[in-house]
Amino acid sequence: MDNKTTSEDKPVQRSKSFSFKTQKEVCQSCEKTVYPMERLVANNQIFHSTCFCCKHCNTKLSLGSYAALAGEFYCKPHFQQLFKSKGNYDEGFGRKQHKELWQSKDAESV
């Protein structure tokens, strides 16, 4: 009986490959930690579901109700409204038109 070892005598070995260390994900809007239950990914950017809002009207967006342009997110009605107001994406969204950039390069080369 003395030669037999019981399971109580053996030390328990734990796997060293298992770890709880994960990279913290940060919300693009508020720059705070995003936990898995509140995580939303749009255009490869991570948000809290409550921080994912329209830039124009601040309405909460969902993955089916947004449009993105140049890293900014809009609700579909405002995206269409801003495009239609000037007839192009640049002026409607507050940027210089590409044709103005081309004209300035042409003027420099003369």
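# Exercises on a Predicted Model

Histidine 78 is found in helix H1, which spans residues 76-86. Helices (H or I, at least four residues) and strands (E, at least two) are DSSP runs, numbered from the N terminus. The model is predicted, so local features need pLDDT of at least 70 and side-chain atom pairs count only at pLDDT 80 or more, while totals for chains, interfaces and linings use all residues. Residues are numbered from 1 along each chain as its sequence is written, and side-chain values use heavy atoms, with hydrogens and water left out.

## Exercise 1: Histidine 78

Determine whether histidine 78 is buried or exposed, and list its contacts beyond the neighbours within four places in sequence.

Solution. Step 1: apply the classes, in which buried means under 20% relative accessible area, exposed over 50%, and partly exposed in between (1.4 Å probe, protein chains only). Step 2: histidine 78 has a relative accessible area of 18%, and is therefore buried. Step 3: apply the contact rule, heavy atoms within 4.5 Å. With neighbours within four places in sequence left aside, histidine 78 touches Cys54, His56 and Cys57.

## Exercise 2: Cysteines

Solution. Cysteine 27 is buried at 1%, whereas cysteine 57 is partly exposed at 30%.

## Exercise 3: Salt bridges

Find how many salt bridges the structure has, and describe which parts of the chain the pair of glutamate 25 and arginine 39 ties together.

Solution. Step 1: a salt bridge is a side-chain nitrogen of Lys or Arg within 4 Å of a carboxyl oxygen of Asp or Glu. In general, side chains of opposite charge can pair when their charged atoms come close. Step 2: a search of the whole structure finds two salt bridges. Step 3: glutamate 25 pairs with arginine 39, with the closest N and O atoms 2.7 Å apart. Glutamate 25 lies in strand E1 (residues 25-26) and arginine 39 in strand E3 (residues 39-42), so this pair joins parts 14 residues apart in sequence. Step 4: glutamate 72 pairs with lysine 55, with the closest N and O atoms 3.0 Å apart. Because glutamate 72 is in strand E6 and lysine 55 in the loop between E4 and E5, this pair joins parts 17 residues apart in sequence. Step 5: compare with the accessibility classes. Glutamate 72 is partly exposed at 25%, while lysine 55 is exposed at 52%.

## Exercise 4: A hairpin

Describe how strands E5 and E6 are joined, and identify the bridge partner of tyrosine 66.

Solution. Step 1: two strands pair if DSSP finds at least two bridges between them. Step 2: four bridges join E5 (residues 66-69) to E6 (residues 72-75), and the strands run antiparallel. Step 3: tyrosine 66 has cysteine 75 of E6 as its bridge partner. Step 4: E5 and E6 form a hairpin with two residues between them, and alanine 70 in the turn has a positive phi of about 55°.

## Exercise 5: Aromatic rings and the core

Classify the ring pair of tyrosine 74 and phenylalanine 79, and name the residues with the most contacts inside the largest nonpolar core.

Solution. Step 1: rings of Phe, Tyr and Trp (its six-membered ring) pair if their centres lie within 6.5 Å; planes under 30 degrees apart count as stacked, over 60 as edge-to-face and the rest as tilted. Step 2: the structure holds six aromatic pairs. Tyrosine 74 and phenylalanine 79 form a tilted pair, 6.2 Å centre to centre with 50° between the planes. Step 3: ring pairs also link Phe47, Phe52, Tyr66 and Phe73 into a cluster. Step 4: a nonpolar core is a set of buried Ala, Val, Leu, Ile, Met, Phe, Trp, Tyr and Cys residues joined through side-chain atoms within 4.5 Å. Step 5: the largest such core has 18 residues, and Ala42, Phe47, Phe52, Leu61, Tyr66 and Phe73 have the most contacts inside it. E3, E4, E5, E6 and H1 each supply at least two of its residues.
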